[in-house]
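Me: I am new to reading protein models, and I would like to go through one slowly. Could you take me through a few features, giving the general idea before the case at hand?

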Amino acid sequence: MSAVEALRSALARAAVAVGAPESVAPVLERPRDPAHGDWATNLAMTLAKPLGKKPREVADALIAALDLTAAGVAEATVAGPGFINFRLSTADLASGLAQVLAAGSAWGTSSANAGKTVVVEFVSANPTGPLHVGHGRQAALGDAISSLLGSQGWTVTREFYYNDGGVQIANLALSVQARLRERAGDPLVIPEGGYHGDYIREIAATYVAECPNDPRGNDLEAVRAVAVRELRKEQDLDLKAFGVRFDVYSLESALYTDGRVQRTVDALVAAGQTFADDGALYLRTTAFGDDKDRVMRKRDGTFTYFVPDVAYHVTKFERGFTRAINVQGADHHGTTARVRAGLQALGIGVPLGYPEYVLHQMVTVVRGGEEVKISKRAGSYVTVRDLIDEVGRDAVRYFFLMRKGDSQLVFDVDLARSQSEENPVYYIQMAHARLSGIFRVGDVDPAEITAEGIDWAVLVEPAERELVKAILDWPVLVAGAAEAVEPHRVANWLLETARLVHTWYHKHHVLGEAPPVMRARLALAKAARITIANGLGLLGITAPERM
RNA sequence: GCGCCAGUAGCUCAGUUGGAUAGAGCAACAGCCUUCUAAGCUGUGGGUCGGGGGUUCGAUUCCCUCCUGGCGCGCCA
């Protein structure tokens, strides 16, 4: 049993002793001010009302009834409106590090969700151009969310859905055709809604090389096939540069060719959830919470985009995923109600909140204090590749993850590329490198550092007590971030912990200290290094040995 | 007009799911290099948590209302 659990159960017994109505689960949290102690509980305040007493009286009674030894507490005091603050002995506090050393790369993982499966869909771009910064945010978020869930025992499938059907693909083919005809000497006429970037010219060149008999792109279907293939290749390279890997790629076009779209429509009609009006077929999405009913089949006989999306999500459900999480830009939030409504209308037992959506706000890129909008190759937007080439993969990952998804994100290129204290990525990686440096310089193999024979009571300095607490809080932090699907909590924790590492490193030495102190501090350094490396790993960022 | 998201220090943002005197970085100011990386550290100043109501022992957090900004509201995706 860990120190916290011992304290919690001792408190629960004390609560019963002072007459609490039924069993309680006391809440323990870190006091904001470390001077207040190592743990604090608001138990007395929550019990005050049912007991009909003042909070501070209840607090005094709780302390009197508390078995301090069993709770592993050196001191308990009442403070403020009725908080009880606890101080642990340094030995009890720091000995928790033994778990960290034993767990290693598994520190912070949990098997709480073992046996449950989740599919995380992200990026899911149209293959109509290089990935833009919004896709980059999705890639960072989706990958980190997948890792977070995986760390908590979920079996995770990372999935990319190519929207390779519909009008936009037709516009892509026409845009390439326009460039082909320009090459052949015609005046350039890029169609309405077409694509203007330089990459369209590159695709035209590829097409001419492969199909010399059709320099004007008269075979539009062949043009389309080459364009989609080239852009999928391009996007794959973007993702590779970003270090993101997917387990499954799904194609919208396949949902048409294998009849899934038609079968989904038939099922919705059979379920009585549709109606025809003015030559179009509607789904009664209002029966499932949408603002208005939505067109499924247009008058021209083609389906609207959300129909294949519903068919696609049926496959996720049929593949047996407990949860489905979709990471998308907030500009897609209108579709969430539609997809869920379609799944409910089918009446096949899909849970109400399926799929879940993690929506993120827009990204703006700033350089030299000015917003950057244009990439040469893409024409109208900044690409992920631009950012990676300029500031590196680690910095791009961190910057996309350091803000809550539902905040708009300002990506400061100058800050991200600066190799200085101001840059949070460098600051965190530096903490890891410094910890590594202690072992390198001291010629100590970290593998030799175990909890065996360490006197934890020597870690009495305030700076090391704070670092110890941050390390021991890591598993709760990760579990909370996974539960809330919020990777930015990990990013913030890393920055704060890196700060504690730098403070400790600056104030106290490891090598050359008296043997018991050096040994305990080496253990602390190793535990900190493990935890920071695990945190960076979850975010897909490297933990360098030296910088 | 309706829906979703945001509004916290000069700037960029956290705030542990309702707790103590609201925090961090940058910027400003004052200091610190014979020791494991100064790519660093220490300290100081800085606030009507957008405004106003409500819920309760207690609200940045929950509810209502208004203001401002972003996104969406298509037989586009």
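Me: How many of the 19 residues of H7 are buried?

Reply: Before counting, note that this is a predicted model, in which local features need pLDDT of at least 70, side-chain atom pairs count only at pLDDT 80 or more, and totals for chains, interfaces and linings use all residues. Residues are numbered from 1 along each chain as its sequence is written, chains are lettered from A and ligands numbered from 1 in the order in which they are written, and side-chain values use heavy atoms, with hydrogens and water left out. Buried means under 20% relative accessible area, exposed over 50%, and partly exposed in between, using a 1.4 Å probe and protein chains only. Helices (H or I, at least four residues) and strands (E, at least two) are DSSP runs, numbered from the N terminus. In H7, 18 of the 19 residues are buried, so this helix is largely enclosed by the rest of the structure.

Me: What span does H7 reach from its first C-alpha to its last?

Reply: The expected span of a helix is 1.5 Å times one less than its number of residues. Helix H7, residues 133-151, reaches 27 Å, close to the 27 Å expected. After H7 comes Gly153, whose phi is positive, near 100°.

Me: Which residues of H2 are buried?

Reply: In helix H2, which covers residues 43-51, the buried ones are Leu43, Ala44, Leu47 and Ala48. They lie on the same side of H2 because they cover an arc of only 135° around the axis, where the arc is that of the directions from the helix axis to the C-beta atoms. On the other side of H2, Lys49 and Pro50 are exposed. The buried residues of H2 pack against helix H1 (3-17), strand E2 (39-41) and helix H3 (55-65), where contact means heavy atoms within 4.5 Å.

Me: At what angle do H8 and H9 pack?

Reply: Two packed helices are described by the angle between their axes and the distance between the axes. Axes are lines fitted to C-alpha atoms, for helices over the stretch in contact, and angles run from 0 to 180 degrees between N-to-C directions. Angles under 35 degrees count as roughly parallel, over 145 as roughly antiparallel, 65 to 115 as roughly perpendicular and the rest as oblique. Helix H8 (residues 167-183) and helix H9 (residues 198-210) pack at about 70°, with their axes 9 Å apart, and H8 and H9 are therefore roughly perpendicular to each other.

Me: Where do the axes of H8 and H10 come in this picture, and at what angle do they cross?

Reply: The axes of H8 and helix H10 (residues 220-242) come within 9 Å and cross at roughly 105°, so H8 and H10 are roughly perpendicular to each other. Among the residues of H8 that meet H10 are Ile169, Leu172 and Leu180, and their partners in H10 include Leu220, Val223 and Leu231.
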